[in-house]
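Please look over the model below with the following points in mind.

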Amino acid sequence: ISKYLPSSWEYKSYTVLKSLHLPKNNSLYVLTPDLPPPSSSSHAGALQESLNQNFMLIITHREVQREYNLNFSGSSTIQEVKRNVYDLTSIPVRHQLWEGWPTSATDDSMCLAESGLSYPCHRLTVGRRSSPTQTRELSEEQSTDVHMVSDSDGDDFEDASEFGVDDGEVFGMASSALRKSPMMPENAENEGDALLQFTAEFSSRYGDCHPVFFIGSLEAAFQEAFYVKARDRKLLAIYLHHDESVLTNVFCSQMLCAESIVSYLSQNFITWAWDLTKDANRARFLTMCNRHFGSVVAQTIRTQKTDQFPLFLIIMGKRSSNEVLNVIQGNTTVDELMMRLMAAMEIFTAQQQEDIKDEDEREARENVKREQDEAYRLSLEADRAKREAHEREMAEQFRLEQIRKEQEEEREAIRLSLEQALPPEPKEENAEPVSKLRIRTPSGEFLERRFLASSKLQIVFDFVASKGFPWDEFKLLSTFPRRDVTQLDPNKSLLEVKLFPQETLFLEAKE
């Protein structure tokens, strides 16, 4: 309803606007009828159902024109959404300028189920508020839109620009939307080259104060951490990176690059890293994980959602297998991360002390017996060499016998296949011309069979092969004139190659 016309007027959908004599700029208002309030029991049931639903928020970052699809449960608060967006965009919560929130979303502590969001999908736009004056002007110009500018205090950061420092410097990294280089190349030929790029890109994004990532394959990292003297062994920390996770930037810059964490990892751990952002690299690591840690650990990583990354796997080497002591997700704090690393070190230290004791006792016994056992060892070496030579000879004979059996079985299978594929032998009295062939084998026996004169020469070759004389090992010769039939075109008929009405052929082994 226009404010320039009586509210009681009604207009048809085909009314021409010019006939209404409206001003050039006009505001229209949509009125909804008053609805009776729902009953308290039905409202409570609907709210409980909404709390269990998942909302898809499609959030557009206005400055960089990038879109994020984020899933939140109905019990999540608006404040939690804004903090997650801060992780993605590096815009502090108190300086976020929003468009698209419903008018009922008036409090950041309100859960999404109560905020009036469209289910299952709702679009929002976020940008950086330059100044309070600009924000007020923008709000006045776009009065028909709902703007939410967070004024929350507490855990939010002050605007760094007020002190002459760019926000990117405060958080130690650029927005994920501005990154150009991937952390790790896709389908790298070897893991060492992939780790070199990972380390360089990590330093570029988060600075030089970070754990020293082992450059080499995962197997080489195992060798460095586990397969040394007990006193020199260390725990293995596997850092699994994911660029699409909202937790990655904060985890890397504020926890992984904390001096206390870097120092503790350097002293007690071998740190190996991998990037799971690309599907090919993710599949490659899951294969390695399944091989070294088993299907249970691989399945645990496979089922992790993107926003649960980054992950830290704490691995301890054992005599029989490698044990995963802990899986640390990205939603942690520096103190919690340090406590879990220290807890893993306590378990490792207890095991290491036992290994050191066992290793010292074993070396002492070996030193006492070394001179006495030298001659005996040499004798055992000689006996073992003879035994191994004999075993190799027997193994070679067994291998050759297996090959021979396999070849015979393959030949028999081919022979049976050809025999079953042969067309039925025509009768002597047949409406079509019949050719009778008599074939003499190298042993002096004769093979006789009737064929239709229109049959292809290949059928004769198949018949001979089904009797144990494959045409690639034997040649079929005619007498008058003497010719090698196996050299003729197998697709020609017996009539065309003059093997009609009867012919005697000879089988001869090829040289």
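1. The contact (heavy atoms within 4.5 Å) is made by Leu218, Glu219 and Phe222 of H6 with Met288, Arg291, His292 and Phe293 of H9, and by class it has 4 nonpolar, 1 polar and 2 charged residues.

2. This is a predicted model, in which local features need pLDDT of at least 70 and side-chain atom pairs pLDDT 80 or more, while totals for chains, interfaces and linings use all residues. Residues are numbered from 1 along each chain as its sequence is written, and side-chain values use heavy atoms, without hydrogens and water.

3. The largest pocket has a volume of about 670 Å³, and of the 23 residues lining it, Asn71, Val246, Thr306, Asp307 and Gln308 are the closest to its centre. A pocket here is an open set of points on a 1 Å grid with protein on both sides within 12 Å along at least five of seven lines, and lining residues have an atom within 4 Å of a point. Strand E2 gives the largest share of this lining, 7 residues, and by class the lining has 6 nonpolar, 11 polar and 6 charged residues.

4. The second largest cavity, where a 1.4 Å probe fits but cannot get out, holds about 30 Å³ of space. Its lining has 7 nonpolar, 1 polar and no charged residues, with Phe461, Trp471 and Thr486 among them.

Note on methods. Helices (H or I, at least four residues) and strands (E, at least two) are DSSP runs, numbered from the N terminus. Ala, Val, Leu, Ile, Met, Phe, Trp, Tyr, Cys and Pro count as nonpolar, Asp, Glu, Lys and Arg as charged, and the others, Gly among them, as polar. Grid points are joined across faces, edges and corners, and a volume is the space filled by probe spheres set on the points.
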